[in-house]
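Reader: I would like to learn how to read a structure feature by feature. Please give the general idea each time, and then the case at hand.

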Amino acid sequence: MNGTTDPNGPMYYKGIYHLFYQYNPKGAVWGNIVWAHSISIDMMNWIPLEPAIYPSKSFDINGTWSGSATILPGSKPVILYTGIDGAGRQVQNVAFPKDLSDPYLREWTKPDYNPIIFPCGVNASAFRDPTTAWLGPDGIWRVTVGSKREKRGMAYLFRSKDFVRWTKAKHPLHSSKDTGMWECPDFFPVSPEGRLGLDTSARGKGLKHVLKVSLDLTRFEYYTVGKYDYAKDTYVPDNTSPDNSTGLRFDYGNFYASKTFFDPVKHRRILWGWSNESDRAQNETIKGWAGIQTIPRVLWLDSNQRQVVEWPIEELESLRTKQAYIHDKLVKSANYFEVEGIQTSQANVEVTFDVSSLERAENFDPAWTDPQKLCGLKDAEVKGGVGPFGLLVLASAKMEEKTAVFFRVFKAQNKHVVLMCQDPKRSSLVPRVYEPTFAGFVDVDIAKTKRISLRSLIDNSVVESFGAGGKTCITSRVYPTLAIGPNAHLFVFNNGLEDIKVSELKAWEIRTPLMNGD
């Protein structure tokens, strides 16, 4: 959905998926933000409705910012959102559907008792983005609001018996030093095994919780996996990953302000993110706050219980059309081949690489702690031992333009390190386009598996990639001038010393879904 920003409050109600998102109806610049509203029965094809919330009251006259949706008992939806009042304070408000019998929930009303949460004892200019609320074992509702105290990121906790009167807890749900403002926090339970999602209020023995925050300082997100103490109302990370900006990410690319919700029909937790072009583009023709919502992803806890795994929702497969298929094809060192027979400007590519030998893997320097910097140092053009190998997507026929999605394997002291990288530095001939490399390490024992998979979703100017079955995900925005429509090509390449085999590659053309009526 172009021209949008943060996905505010996705939810499911009476057979229909609803997506609320921040939107400026007057242009692709920041300002005049309303809660736009679109509906779908499959999360692929969307129909726009009138905005659900827009500035109209004293408690939101200067802005209706991000928030979340919660389903109250009796299947009653409610929206929690940040309003900017007449004094410029960030306050938390609620809105309810005007007619619960309307499955489209076209109209929303704001009670006069708003705001329900004031920034008492909190920085009123850094107090926003309430989460989906959850019900505790004591029958009391909880919600967290993102904030900061000096340089310390904060997730303040509030409680209510009736969803009207809220009190601030003595201690925050969680905080972390030197992380700055926590925007768009998300907090939800995950099952310790299996892929089924859980309702936000679910509780039980052995459950883990995930806390995600969007960092205003870096414009990236990170999350931790840990335990929620229901008695103390505190969240404690498991300390299996850093609790700061160097920690785990849902997506290591151009991805921000993400939001999850529980789908009660298919019992799954769905993740949405926003890929923004405003901060990334240095060219006047593409400058602005326009962005796109990423493909919805199913999210679950990995079997190692150290990280989450993500995968595009199965409904995406309904958009597949013509297919190309390749198997057991050797890609020798410094070689490549083209995937032919389909148009690839909009495509779904799934490939499994066999890595038979790791003998020539480059030595890994322990100082390489930042995968993004490492990818910039050793991009797709830099020859390696095992890799770089992967895909060249949205490529022109002579490769003047190309976006590389690849793996590179290193040899550390006691293990192998796998880097996944998305390198768009050569993706466009447009001058002064800011196209950084994006990268993440992949938690996989490649010496044991001897293979690794990659899935890339290509949509004209967006590339979403999923490594090792969704353990590491990267989204990029690119702006090709030659590799457009039928002139976009897809290649498999190997720029390492070791030969690589494509054990199987499936690629489909993807038809354009109905997006906001277009």
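Predicted model: local features only at pLDDT ≥ 70, side-chain atom pairs only at ≥ 80, totals over all residues.

Reader: What is the nearest cysteine sulfur to cysteine 184, and how far away is it?

Author: A disulfide requires two cysteine sulfur atoms within 2.5 Å. For cysteine 184 the nearest cysteine sulfur belongs to cysteine 473 and is 19 Å away, and cysteine 184 is in no disulfide.

Reader: How many disulfides does a search of the whole structure find?

Author: The search finds one. Its partners are cysteine 375 and cysteine 421, with their sulfur atoms 1.4 Å apart. Cysteine 375 sits in helix α1 (residues 371-377) and cysteine 421 in strand β31 (residues 416-423), so the pair links distant parts of the chain, 46 residues apart.

Reader: Are cysteine 375 and cysteine 421 buried or exposed?

Author: Both are buried.

Reader: Next, the backbone. What should I look for in phi and in the peptide bonds?

Author: Look for exceptions, because most residues other than glycine have a negative phi and most peptide bonds are trans. Here the peptide bond from asparagine 114 to proline 115 is cis, with omega near -5°. Proline 115 belongs to the loop between β9 (108-109) and β10 (127-128).

Reader: Which residues does the cis peptide bond with omega of about 10° join?

Author: That bond joins glycine 387 and proline 388. Proline 388 is placed in strand β29 (residues 386-395).

Reader: Does glutamate 150 count as buried or exposed?

Author: The cut-off for exposed is over 50% relative accessible area. Glutamate 150 has 75% relative accessibility and therefore counts as exposed.

Reader: Now a buried site. How do I read the surroundings of alanine 257?

Author: Alanine 257 is in strand β20 (residues 256-263). With 0% relative accessibility, alanine 257 counts as buried. Leaving aside neighbours within four places in sequence, alanine 257 is in contact with Asp6, Pro7, Cys184, Lys212, Ser214, Glu221 and Trp274.

Reader: How far is the C-alpha atom of alanine 257 from that of aspartate 445?

Author: These two C-alpha atoms are separated by 31 Å, and the residues are 188 apart along the chain.

Reader: Which residues does aspartate 60 touch?

Author: Not counting residues up to four places away in sequence, aspartate 60 touches Tyr54, Pro55, Tyr81, Gly83, Ile84, Asp85, Asn93 and Lys110. Aspartate 60 lies in the loop between β5 (47-53) and β6 (64-72). Aspartate 60 has 0% relative accessibility, so it counts as buried.

Reader: Step back to the chain. How many helices and strands are there?

Author: The chain has two helices and 37 strands. Its radius of gyration is 23 Å, close to the 24 Å that the globule rule gives for 518 residues, so the chain is as compact as a globular protein of that length. Its C-alpha atoms fill a box of roughly 70 × 50 × 40 Å along the principal axes.

Reader: What do burial and contacts say for the chain as a whole?

Author: Of the 518 residues, 60% are buried. Among contacts between residues at least 6 apart in sequence, 62% join residues at least 24 apart.

Reader: And what about the surface and the charges?

Author: The accessible surface is about 20700 Å², and carbon and sulfur atoms account for 50% of that surface. The chain has 62 positive and 58 negative charges, whose mean positions are 4 Å apart.

Terms used. Residues numbered from 1 in each chain as written. Heavy atoms only, no water. Helix = DSSP H or I, 4+ residues; strand = E, 2+ residues; numbered from the N terminus. Rg over C-alpha atoms; globule rule 2.2 N^0.38 Å. Buried < 20%, exposed > 50% of the residue type's maximum accessible area, 1.4 Å probe, protein only. Contact = heavy atoms within 4.5 Å. Areas by Shrake-Rupley, 256 points an atom, 1.4 Å probe, with all protein chains shown as cover. Lys, Arg positive; Asp, Glu negative; His and termini not counted. Charge placed at Lys NZ, Arg CZ, Asp CG, Glu CD.
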